Each structure stands twice: as structure tokens, then as C-alpha cells.
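Keep the structure in view while reading.

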Amino acid sequence: MEKSGEYSDQELLDIVEEIDAIAAEVSIQDGRFIEDVLERAYKNPEKPARFSRRQRQWVMDMKERYLK
């Protein structure tokens, strides 16, 4: 498993956007997480996305599930 600490916040946001673009069948929970992350990122584009440790792990888990 890849470590989320190896990725910048922008790289994690890019992964979330990539999953959102290709994964029509994401779980409801993952879908809500993706919507929340993207809404916050697009609401204030001047302010960089910030991911907590838990959110970073969630992105890495989704990457494993959806971007194999």
C-alpha cells in the first residue's frame, strides 16, 4: 500500500478528481467524500486543498479500489 504522506495535497486532489471522472460506480460513502472534497476545492480555488491524515488514507484507499 502506498503511503499518503508521499503525496502533496494537490496530488491528492488530482487523484480525487481522476476517480470522480472515471468511477461511475463508487460507493455512496466514497461519492459523498469526493463531492465534499471537490466542492471545497472549487469553492475557494485560491486556497490550496488541505487533507487530514485520515482523508489522505481515504484517498489512497480509493486509489487502490478504483484506479488499478
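A salt bridge is counted when a side-chain nitrogen of Lys or Arg lies within 4 Å of a carboxyl oxygen of Asp or Glu. The structure shown is a predicted model. By this rule it has 4 salt bridges, and its largest nonpolar core has 17 residues.

**Salt bridges around Asp9**

- Arg50 and Asp9 form a salt bridge, with their closest N and O atoms 3.5 Å apart.
- This pair links distant parts of the chain: Arg50 is in the loop between helix 2 and helix 3, Asp9 is in helix 1, and the two are 41 residues apart.
- Arg50 is exposed, because its relative accessible area is 60% and exposed means over 50%.
- Asp9 is buried, because its relative accessible area is 12% and buried means under 20%.
- Asp9 also forms a salt bridge with Arg56, where the closest N and O atoms are 2.8 Å apart.
- Arg56 is buried, with a relative accessible area of 15%.

- The side chains of Asp36 and Arg40 meet in a salt bridge, at 3.3 Å from N to O.
- Both residues are in helix 2, and because they are 4 residues apart, about one helical turn separates them.
- Asp36 is partly exposed, with a relative accessible area of 37%.
- Arg40 also counts as partly exposed, at 40% relative accessibility.

- Asp9 forms a salt bridge with Arg50 and another with Arg56.

**The nonpolar core**

- Within the largest nonpolar core, the residues with the most contacts are Leu13, Val16, Phe51 and Val59.
- Which residues does Val16 contact, once its neighbours within four places in sequence are left aside? They are Ile34, Val37, Leu38, Val59 and Met62.
- One of these contacts of Val16, Val59, is itself listed among the core residues with the most contacts.

Methods:
Residues numbered from 1 in each chain as written. Predicted model: local features only at pLDDT ≥ 70, side-chain atom pairs only at ≥ 80, totals over all residues. Heavy atoms only, no water. Core = buried A, V, L, I, M, F, W, Y, C linked by side-chain atoms within 4.5 Å. Buried < 20%, exposed > 50% of the residue type's maximum accessible area, 1.4 Å probe, protein only. Contact = heavy atoms within 4.5 Å.
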